[in-house]
Amino acid sequence: MSVAKLSAFSTGPYNGRDKLAKVMQFSAKFVAYHMLLNDPKSEFASQLVKFDKQTAMARKGLRLFKSIELYQKLLVAMGKDMGQVEFLLEVVTNVGMMFRWAYDNLSFLEKAKILSPQSYGVTSNKYRVVATCAYIIIALRKFSAASEKIAVAAKAGKQEALHKAQKDQKEALLEFVARVADMVNALNSAKWYQTNEGIQGLAGIVSATINLRKVWLAMKK
C-alpha cells in the first residue's frame, strides 16, 4: 500500500482513522458487555471497558472545531440548485451536525475537567438525533430513486445504466443501515431511549464497518 493511499485513509473524506478507532472502541464495548454477563469480575473485561472510554475520549479530541466543516458544507449546499425537500434536508443535516459537534467539543472540555459538568454530551446527541432523522430520509430517497432507475433501465435493456443503478441502490441501502445504527446510539446518548452496551457496541460496529468500506473504496479510486 502506497504512502498516498495511507494518507487518503487517514485524512480522506470519510476520516479513516476515526472510523477504525470507532470499530475498535465499539468492539471492545460489545465484547466487554458479554464477558461481564458471564463473569462480572473479569479483569480483561474491565480493561476493555477502560479502552472503550479512553478511545471515546480520544475521538472527541480529534473532532475539535468540526463544526466549521459542516458550516462550509452548508454554504456549498445553499449555493446549489435543488428542490425544496432536498434543500430542507441539507439544512437540517448540516445545522444539526454543526450544533452536534459544537456541544461535543464542549463535552470534551467537560470530561477533561476544564468546564463544569453541564451534560453537554446529552445535548450534543439530541442534535445528532435530529440530523440523523434527516440522513435516514436522504438514504431512503436515494434508495427509491435508484429503484426507479433500475426499473427504467431493465425495461429499456440498458445494461450499463442498470448496473450503475443497482450499485447506487446498494450504496443507499448500506447508508440507511449505517444511519439506523447511528440512531440507536444517538438515542441512547441523548437519554431518549436507553439500550444496553451490547446493543450499543453492535450498532457502533455496524456503522463504523460500513464507513470503513467507504474509505477502502475511496482509496481504490
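Visitor: Where does Thr195 lie?
Guide: In this predicted model, Thr195 lies in the loop between α7 (159-189) and α8 (197-220).

Visitor: And is Thr195 buried or exposed?
Guide: Thr195 is buried, because its relative accessible area is 19% and the cut-off for buried is under 20%.

Visitor: Which residues is Thr195 in contact with, leaving aside its neighbours within four places in sequence?
Guide: Those residues are Val184, Asn188 and Gln200. As for Val184, its C-alpha atom is 8.0 Å from that of Thr195, and the two residues are 11 apart in sequence.

Visitor: Let us change topic to α3. What span should its 20 residues have?
Guide: Helix α3 covers residues 43-62, and at 1.5 Å a residue it should span 28 Å. Its end C-alpha atoms are 29 Å apart, which agrees.

Visitor: Which residues of α3 are buried?
Guide: They are Ala45, Leu48, Asp52, Thr55, Arg59 and Lys60. Seen down the helix axis, these buried residues fall within an arc of 140 degrees, so they line one face of α3.

Visitor: Why would residues three or four places apart point the same way?
Guide: An α-helix has 3.6 residues a turn, so residues at that spacing point the same way.

Visitor: What covers the buried residues of α3?
Guide: The cover includes α2 (16-38) and α5 (84-111).

Visitor: Which residues are exposed on the other side of α3?
Guide: Glu43, Lys50, Lys53 and Gln54 are exposed there.

Visitor: Last one: which residue caps the N-terminal end of α3?
Guide: Ser42 does, with a side-chain oxygen 3.2 Å from the backbone nitrogen of Ala45.

Note on methods:
Residues are numbered from 1 along each chain as its sequence is written. This is a predicted model: local features need pLDDT of at least 70, side-chain atom pairs count only at pLDDT 80 or more; totals for chains, interfaces and linings use all residues. Side-chain values use heavy atoms; hydrogens and water are left out. Helices (H or I, at least four residues) and strands (E, at least two) are DSSP runs, numbered from the N terminus. Buried means under 20% relative accessible area, exposed over 50%, partly exposed in between (1.4 Å probe, protein chains only). Contact means heavy atoms within 4.5 Å. The expected span of a helix is 1.5 Å times one less than its number of residues. The arc is that of the directions from the helix axis to the C-beta atoms. A polar contact is a pair of N or O atoms within 3.5 Å; within protein, one must be able to donate a hydrogen and the other to accept it, and residues adjacent in sequence count only if both atoms are side-chain atoms.
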